[in-house]
Amino acid sequence: MVNYVTKKSNKLMPSKAMKKIAHLDNKRIYKEAAKNPIKFWEKLATDGLQWEKKWTKAYEQKLPYFKWFKGGKINFSKNCLDRHLENQPDKLALVWIPEPTKEKPVKLTYRQLHEKVCKFANVLRKNKIKKGDVISIYLPMVPEALIAMLACTRIGAIHSVVFSAFSSDALKARIQDGKAKILITADGYYRRGEKEDLLTKAKQAIKSTTVKKVIVVSRLKKKLPSPKSKFLDFNKELESAEPTCEPEIMNSEDPLFILYTSGTTGKPKGVIHDTGGYATQAYWTAKWNFNLRDDDVMWCTADVGWVTGHTYAFYGPLLNGATTLIYEGSPDFPDTGRWWKIIQDNKVTVFYTAPTAIRMLQKCDPKIIKKHNLKSLRILGTVGEPIDRDAWMWYFKKVGGSRCPVIDTWWQTETGGTLINALPGIGPFIPTVSGISFPGTKHIIVDEKGKQIKKPNVTGNLVQVPPLAPGMLHGVWKNPKKYKETYWKRFKKYYDTSDGAFLTKGGLIRITGRTDDVMKVAGHRMTTAELENAINDHPRINETAVVPVPHKVKGEVPVAFVILKGKKDATKINPEQLEKEVKKLTDQKIGPTSRPAKVFIVPALPKTRSGKIMRRILKALLIDEEPKGLSTLLNPKSVEEIKGIIKSSQ
């Protein structure tokens, strides 16, 4: 039975939406998977994908390394495109919404997308790209990003997508590490009505690198730089290319792509994902998490520069033969109704976004959302960080009309696809609780010595128990030492997620956040997420970030940065009174140990474009250090604003 949550408590209730959601035969699927996870994934790989040759061994492991579908042969682009051409060649594969409202959307059928991918694959081959070569892609959310990525997978090249808001230095570091031969970029894109320049950053980044050619998407109609032999026009190259391209048959364990972690602390890690295992996990997690059918229109709002954009904005929907929608710009341009209008106009059925975006839109005029028809929605999802109860309930009621399940997903760049959440048709769906491990995988919570914690409500380290999920990373590019130290050093026989979690009384997993976001106050361990959730229960507070700072007696004490719900509140509220109320609230919710030493009211929190709050920057400001890694921020101006607020309080 599908379960949903009532308004006033966590008490579960049946939903009328039950009839619209396909069954996975309740919990039988989990039992079947747990009996023999290798056999289970083997069946899924057979049922979900088109293989050129079956594997000789489904799973092989010698930790910290492992292989899935060893000896199997496959081509990724064929599974995303070619196999759908027989039955639905004219079905929409991609809908692209530009930010400027006067521009028309671009719609590509599977047949049209297939032809463009084949053409661009031939462009790459003409430029001497072969199997195993690395291609850097520095593109915004435009159709050419998907075309370029799939073209790489067609000929066996390894794509390395770099987030378009990253600096030239960040791009250069990733090009150098991968030794990319070609850079695919754009002259720019639109963001909140402004033209963002990419080409200048790209030109700076390629100096003294292995890049021989730069292929440029003309989004802003800028003139290409010289020499013409090095800078090529994407669409002109596409026009003159042959429309058919024989796909390169790959080994299952061949690298499909590299995706670098944000690199905000130290050198970025190039996470390697293979072909067959990643394809299997992307197909089935998209299908089951979002009850994905071939008549669905799925909108994952993540940028392709992040793994969420890879797996659920592009690959997952296409592997399933569905339609994927992508949007170039900001959720609040030209107004805060933009997302709702896109859902209404395109009859989006599956919507997947971040809690940060939900909280931002939650603050806006409620009349705006009521103006739009969102009845096409069947499934809602959240990703990126733990979601608080208030945002969950607003999302469930206001966006989903109290009829759509909210799939709160936990996963990482390293896992390739979602791994902990509730499934539609099974549930239960409880605010702030992700759920249980995806069928065929197992996660447990351990203490610092690696001993399993079975008691409820005891926070520990979240680890994955082998056999590892097929979509898991297969190493760090050119850095095996980093791979071993980061993911296998602490617990040896378990994959270390570096996330904290605890079990609820019902045996569900609740994620508390990164284990490096754990504070130790007077000998008591607590997570920043736990304290943030408590503070967010204050009726006037919309969002909170908590960071620990050193204390001579207690070791560490928490400091809270809060954003108020309405603009009017900022002028009416007394900061000292709010601080007293917050301290009282945390005393009630958690205990006196959790009481913040200071509460700062701020207009904005420093965040990456993927919505992650950069707590290390807040901590640097508090201890009077110069914050680093500001190039990854969506709103770098917030840092100076917060610095001023801290100084004025001293």
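Two strands pair if DSSP finds at least two bridges between them. Strands (E, at least two residues) and helices (H or I, at least four) are DSSP runs, numbered from the N terminus. The structure is a predicted model, in which local features need pLDDT of at least 70 and side-chain atom pairs count only at pLDDT 80 or more, while totals for chains, interfaces and linings use all residues. Residues are numbered from 1 along each chain as its sequence is written, and side-chain values use heavy atoms, with hydrogens and water left out.

**Exercise 1. Find the bridge partner of Trp96 in E19.**

Step 1: Locate strand E6 at residues 92–97 and strand E19 at residues 323–327.
Step 2: These strands run parallel and are joined by 4 bridges.
Step 3: Trp96 has Ile326 as its partner.
Step 4: Now place both strands in their open sheet, whose order is E7-E6-E19-E18-E20-E21-E22, with mixed pairing. At the edges are E7 (106–109) and E22 (406–408), each pairing on one side only.

**Exercise 2. Describe the hairpin of E11 and E12.**

Step 1: Strand E11 covers residues 188–191 and strand E12 residues 194–197; they run antiparallel, with 4 bridges.
Step 2: Opposite Tyr189 you will find Glu196 of E12.
Step 3: Between the strands lie 2 residues, and Arg192 in the turn has a positive phi of about 50 degrees.

**Exercise 3. Explore the largest nonpolar core.**

Step 1: Such a core is a set of buried Ala, Val, Leu, Ile, Met, Phe, Trp, Tyr and Cys residues joined through side-chain atoms within 4.5 Å.
Step 2: Helix H5 (residues 143–155) gives the largest share, 9 residues.
Step 3: Beyond its neighbours within four places in sequence, Leu124 has contacts (heavy atoms within 4.5 Å) that include Ile129, Ala151 and Ile215.

Terms used: Buried < 20%, exposed > 50% of the residue type's maximum accessible area, 1.4 Å probe, protein only.
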